[in-house]
Structure formats: C-alpha cells, structure tokens
Amino acid sequence: MSDPLHSALAVLPDYLSQHVLLSAAALALGVALSVPLLIAARHSARLRWPVLAVASLIQTVPSIALLALFYPLLLGLSRLTGRLFGVRFQALGFLPSLLALTLYSILPILRNGVTAVLNLDPAILQAAHGVGMTSRQRLLHVELPLAAPMLMAGVRTSAVWVIGTATLATPVGQTSLGNYIFTGLQLANWVWVLFGCGAAVALALVTDQLLALIEFGLARRRPRLAWLGLCLLVAGVAAAAAVPLAAGRRGGFVVGAKNFTEQYILAALISSRLRAEGHPVTERTGLGSTLAFQALAGNELSVYVDYTGTLWHDDLHHRSDPPRATMLSELRTQLRRRYGVVLLGPLGYQNAYVLAMRRPQAAALGIRTIGDLARFAPRLTLGGDLEFFARPVWHDLERRYALHFRALRQYEPAFMYHALLSGAVNVIAAFSSDGRIAEDHLVVLKDPLHVIPPYDAVILLSPHGAHDPALRRALEPLIDHIPISLMRHANFMVDRRHDKRTPRQAARWLAHAAHLR
Amino acid sequence: MIALQGVCKTFDGGASYAVRDVNLEIPAHTFVAVVGDSGSGKTTLLKTINRLIEPEAGEVCIDGEPVRSVPPHELRRRIGYVFQGVGLFPHLSIAENIGITPQLAGWPDDAIRARVEELIDLVCLPRAYLTRMPAELSGGQRQRVGIARALAARPAIVLMDEPFGALDPVTRDGLGGECRRLHEHMQLTTVMVTHDILEAVLLADRIVVMRRGRIVADGEPHELLAGHPDPAVSTLMDMPRRQAARVRSLLEERTAHE
C-alpha cells in the first residue's frame, strides 16, 4: 500500500499548488465582486432583491455542470475574439474553473454582508450622520467595520466551498486535488481517492483557521493578529505560485488523456518518451471525451490518443459506417482539412465497445450473439459508461437488433464491472481492450450485423504539434507497435484488484514488452 | 441665532404634517426646551436644524445663513447632536468616539487628543475610561460620552433629542445639571427636546410647547408657570407647580414635627 501513497506524495506539490492558486484566485475575485455589489445593494431593496436572487440561482446549478458549461461558452468567445482581434485564449483549464468558482463564491459573502448591514442599529447609522460623516465616511468608518465580522464569516464559508468545489475542476482540464479523486475513481485506487479528499479537507481547514484569525483580529481590534493571518495566507498563495515557476514547466508539450485506465497508461507512455528526449511535458488527464478532441483542435493539448469510431461519429458527426481502412483514411484527410489535426497513425489495436455478460448467465440463457440477446433483453438490465447511451453506436445497436432492455444504468467505468459481478446489471457495454474481461471471465457477445464501428486507437497531434518534428520523432515508433494482447494486459495490471500497478508502471512494462525503441 | 421660518414637514405626501408652518427664533446663548406629547413634531423640528430632516417648505437659518446652502456633513460638524439612544459607535473606543467629529474635520492628532482629555474631564469621567469600549460603560456614563462627543468640535449650537430619556432619575438630574453648567461654561446655544416638563422648567431659559406640528406656547418658564390661555398648556404647566407645592408641603410638615 505504500506505493500508491508514495506516488500520491510525488505529485502533491503540483496538485496542491494548482488547487491553491485556483481557489485563491476565485475567492479573491469573488470578494472583489461581492463587496461592491453589497455596497451598491445595501440601501436599495430594488437592487438587493435581484442580486441575491441571481446569486442564489447560481448556487443551485450543480457545480460540475457550471464548470462544464463555461468551456463551450469560453470556446465560442475565444473563437470570436480570434476572428475579431486575432487574440485567442485558453478555453480549457484555469479560466472556466476560475469563472465557475468565482460565481459560486459570491452568495455566502453577499448574503452575510447584506444581513449584517441590514441589522445595524439605526441609532448608530443616524449618529454617523449626526457627527458629520459623509455617506462614504459612514460606509468606511461605521457600516463596513460593524459588518466586518459577519462579512468575514461569509468569506470563510465561501473559502471552504470554493476549496471543496475546486476538486471538480479536473474534468475541464484544470489540475487540482480532484485529480487524485477522479484518477483514483477510474483506477479503483482508493488510497488516491482518500488522499485527495484528505488534502482538500486539510487545505480547507487551514484556510478557514487563518481567515478566523483575521476575523478575530478585526473583531477584537488586534490588528497584529489580523495581519499575521493575512500574511500567512499570502505566504501560502505565494508558495503555491512559486511551485510551477520552480518547476519551470512553462511551454513544452501537453499530453491529454480521457478518463479511463488505458488513456492514463498511454498518456504516461507518451510523456515518458517525450521526457526521455528532454522535452518538458504537462499531463492533462481525466478529460471528458469530446472535450479532449476540442482541446486538441484548439491547441490546448499537443497530443492524445483517440479512437476512429468515436472520432467518426461523435466528433465529425457522420451517420455512415465505412469499412475500417476507409474510415481511417477518411479521418486522416477530414481531420486535417476541418481542424488542422494530424492523425499520426494507429497504435495497432482496437478498443471497441463490446456487449459482455457473465459466463454462467450467458450459458444458461444460451446467448452467444447480440441477436440472441434481443429475445431476453426485456428481462435484463444493461450497464454502460457515462457516455455510452448518448453515443450513435448505442442507438444503432438498439435499432438494428431491436434491443429493449428492462432498464439502462450508467456507471463510472470502474464501477460498471462491479455492477455486473454483483448482479445489479446483466449486460455491460465493455471495452474490448479491457483486462477485466479476462479477469472476470466475461463472455463478449458477437456482432453479426457489424453494427459496432471499428475503434482503432490512433495518435492525434494538434495543429501546432503537427509541425513539431520532435513530437513526431518521439511518437512515430509507437505506430502499429501495440498489439491488443499487450494493451489488455497493461490495462489489467492497473485495474486488477490485487497487486495493482500505477499507470506509469504499466506504461513502463508496455514499452518494454512491445520492444519500443 | 437660529431662525425657523414657515417650516413644514410631511412624511406622507401632505396627508398630515409632522411640523406645520413653524416660526421660531432662538437667540444665541439661549437654552431652549421643546416639549410636547409624542408625535407632536418636536424631534422632527429639531432635526430640520442640522438637516437630518429636510423640510418641504420654509427655511432654517443659522446666523442669517440658510442651512440649505451648507453641505450637510459640514453643517453637522458645526452643530453638536446628542441622541436619545446615545448612538455611540460600538467598535470605537471612548476616546475615538469623543474625537470622531474633530477627526472627520481633519484636526491634527495632538489637538484631538488634548481636546478629548479636556472633554472627559468636563463630563466628569475618569481618563482611564478613554481606552474602554462603549459596552463597558453604564447608561449614564455612555450619555456623558455622548455629550462629550457632541461638544468635541467646539460647536456653537448643541441639539439634544431626549438626551436623558433612558436614564434613572438620579443620573438624569445630575446630567441635566451638568448640561446646564456646560451650556454656561461654553456659551452654547442649546435646543433640547424632552417630554419631561419638570426637566424643561429646571434647565431651560425658554420653553416651547408643541402640539400636532404647531407651536402652541412659547415663553420663559416662570411666565408659562403663571398661566396660559390654552387650557392644554396650562394643564401641562400645572404639573410641575403641583409637584413643587406637594414637595414643599411635605417638607413643611416635617419641619413642624421637629
């Protein structure tokens, strides 16, 4: 068990510093927005009501959806500014996370502040005018100081929320302590999940206590304590800012990965090859499927591995089903023409969707093909990953084989296999390169109508990356050099329940086993 | 001199008037008590003088200058104001509370400190209280601080809105006497709103009686005590006289026994 802990500690400076920077920026921006709003709205019921209503409404949007929605919004905006002013910005990662968290941070500060100001003793407010204060002096000398303790309580609540919610920035490509949680969840690495939770909780507690120190110093008029708290907070943020600077990771290649085991292993493999050639590398793992492609097309990733069927149907939105070789060559030209993305070449194996069942049940029902399944489907439940049921491949399977299941259930891939073994579902949409198919003795149902398209794993390079000979040189040896048996075993090394390996270790094994130069 | 001419104030768009067509002249160095029932408009009248309330009609002048022509915060720094609820700033020390108006007016720190010490002596509180917070003081002590705060920037005029309303009778009497003493000592023009007619009789040079927004009587205490054509005013003034007579007869009985 010391190994996952060791590997978690190794990336802690990176994850923690990025988490701190994101949270601090969001909180600072939240305070900078909500205090002027509070000042403007405090004496005007007409303004106060809509401002608080909007802030409450934002709070009710599920945080992960809020984070996700900023990506397409920023992408559109970036394209617009690109067209108008020739300036484009990163729509993935820091910016959408920052905006979503900032919006999230506003409500507690605003509501506490408004409550505090509305509850001030009217005699004191009148006294402020009576002794000759202007409205501005009354605000600075009376209203804000008296509201400060409750306002600070709002800032503390907000800080804890922001730090907790920042863990959800991982799927939009922002490294955070959430990387432990999302990666751990995918790889069934519970030490990482716990480590991520623990780190986020510890960070929230420390921040809360430092803010409490500031609050105490303000309330008891002990400015030294308040300054001490503020200095410690600033020092923490400065230290976090120093980590990426010290690592000198500006520039270099960005290697992307979607959110399942194989992708983590391939990202580790690609990164290690680039590092071996002396190039600085950043990894952005755990990305949503189409998000990864758009990020690549926008040059926010340099390289990642995708699958022909996914690209054909989900990213290029074709309805046709050409043969394997045609699809590959068509993708090559169309991706280049439409996005400037270069398909460097196939890795040599397929990771197709397959429908799989437990062997005893398949045998008992006499099911060998998806055609056989159709008869029993009304009595069975199908489990899929979070994207499967929205994909064209599922609609085609449903239509061509006339599949009508009793129920459909969505799972994180890691949990889908557990669901099948525990009997919560009877059939799963598994992945053909998955090591757990062999480990769990599952039956893969045949697809006699060839509805499931080919899913050749292919290396994609971003428009900028395509022109980089170093990138091509480092990755070309991978082309057609990874057979399905090796990929399956590498996946299995990470996914199995005993003697688990990290994606990095599996990547090292894969490089060795595939005799990669 | 404070002069009010045809001052009107309504809070409901003219359906009723809190102050209606009031004319009043208060010569410098006079101590005027404004008395009347609650709702008679006395506090509203007081607040038109330092523009805490702006009248709908009429004009308030101080030494011939209309108060409307002075920015409100500057006007208020020249006029001391003592509140019924005291209104000390709970987050400021006693010294900071007393020194607030000089500080707003931009006095140098040394001058503020000297003035604050002078005032805490004048209102008979120990200097050790200067570093305390308002919550650590009793009600009477707080009102002494309130008075010191009103006097801090050397105003020529002090307005007092039921300053002793929340105090016990002994504290009330003591503070009333000190206000009068300070009034003499600093040659102030004082306008005090009170519903306590005895207090008005004992402290003021002149009593103004208000009812339903209008002035119904205006005179020196002994004139009003001698009787007034308005039956309500004469009933009002009868009260201190009856109380005094009762006290006197009690004292005489006691002397006779001895």
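B:Gln187 counts as exposed because 9 C-beta neighbours lie inside 10 Å, where a residue is called buried if 20 or more other C-beta atoms lie within 10 Å of its own, exposed if 12 or fewer, and partly exposed in between, with C-beta atoms placed from the backbone. The structure is a predicted model, in which local features need pLDDT of at least 70 and side-chain atom pairs count only at pLDDT 80 or more, while totals for chains, interfaces and linings use all residues. Residues are numbered from 1 along each chain as its sequence is written, and chains are lettered from A and ligands numbered from 1 in the order in which they are written.

B:Gln187 sits in the loop between α7 (169-185) and β8 (189-193) of chain B, helices (H or I, at least four residues) and strands (E, at least two) being DSSP runs numbered from the N terminus. The phi of B:Gln187 is positive, near 50°, although the residue is not glycine. Most residues other than glycine have a negative phi. A positive phi of about 55° is also found at A:His515, a residue of the segment after α21 (503-513) of chain A, and A:His515 counts as exposed because it has 8 C-beta neighbours inside 10 Å.

Chain A contains 21 helices and 10 strands, and its C-alpha trace spans about 90 × 55 × 50 Å along the principal axes. Of the 517 residues in chain A, 46% are buried. Among the contacts in chain A with a separation of 6 or more, 77% are accounted for by residues 24 or more positions apart, a contact being a pair of residues whose C-beta atoms, placed from the backbone, lie within 7 Å. The domain assignment, with bounds from an automatic or database source, gives domain 1 (2-247), domain 2 (253-350 + 456-513) and domain 3 (353-444); the C-alpha centres of domain 1 and domain 3 of chain A lie 43 Å apart.

Helix α8 of chain A (residues 190-219) has 30 residues and should span 44 Å at 1.5 Å a residue, which agrees with the 42 Å between its end C-alpha atoms; the expected span is 1.5 Å times one less than the number of residues. Buried residues of α8(A) include A:Trp192, A:Phe195, A:Leu203 and A:Ile214, and the helix is followed by A:Arg221, whose phi is positive, near 55°.

The axes of helix α6 (residues 135-165) of chain A and α8(A) come within 9 Å and cross at roughly 170°, the axes being lines fitted to C-alpha atoms, for helices over the stretch in contact, with angles from 0 to 180 degrees between N-to-C directions. The two helices are therefore roughly antiparallel, a label for angles over 145 degrees, whereas those under 35 count as roughly parallel, 65 to 115 as roughly perpendicular and the rest as oblique. Residues making the contact include A:Met152, A:Val160 and A:Ile163 of α6(A) and A:Ala204, A:Asp208 and A:Leu211 of α8(A). By class, the contact comprises 15 nonpolar, two polar and three charged residues, with Ala, Val, Leu, Ile, Met, Phe, Trp, Tyr, Cys and Pro taken as nonpolar, Asp, Glu, Lys and Arg as charged, and the others, Gly among them, as polar. Within α6(A), A:Val160 counts as buried because it has 20 C-beta neighbours inside 10 Å. A:Val160 and A:Ala204 are 44 residues apart in sequence and 5.2 Å apart in space, C-alpha to C-alpha.

How values were computed: Two residues are in contact if their C-beta atoms, placed from the backbone, lie within 7 Å.
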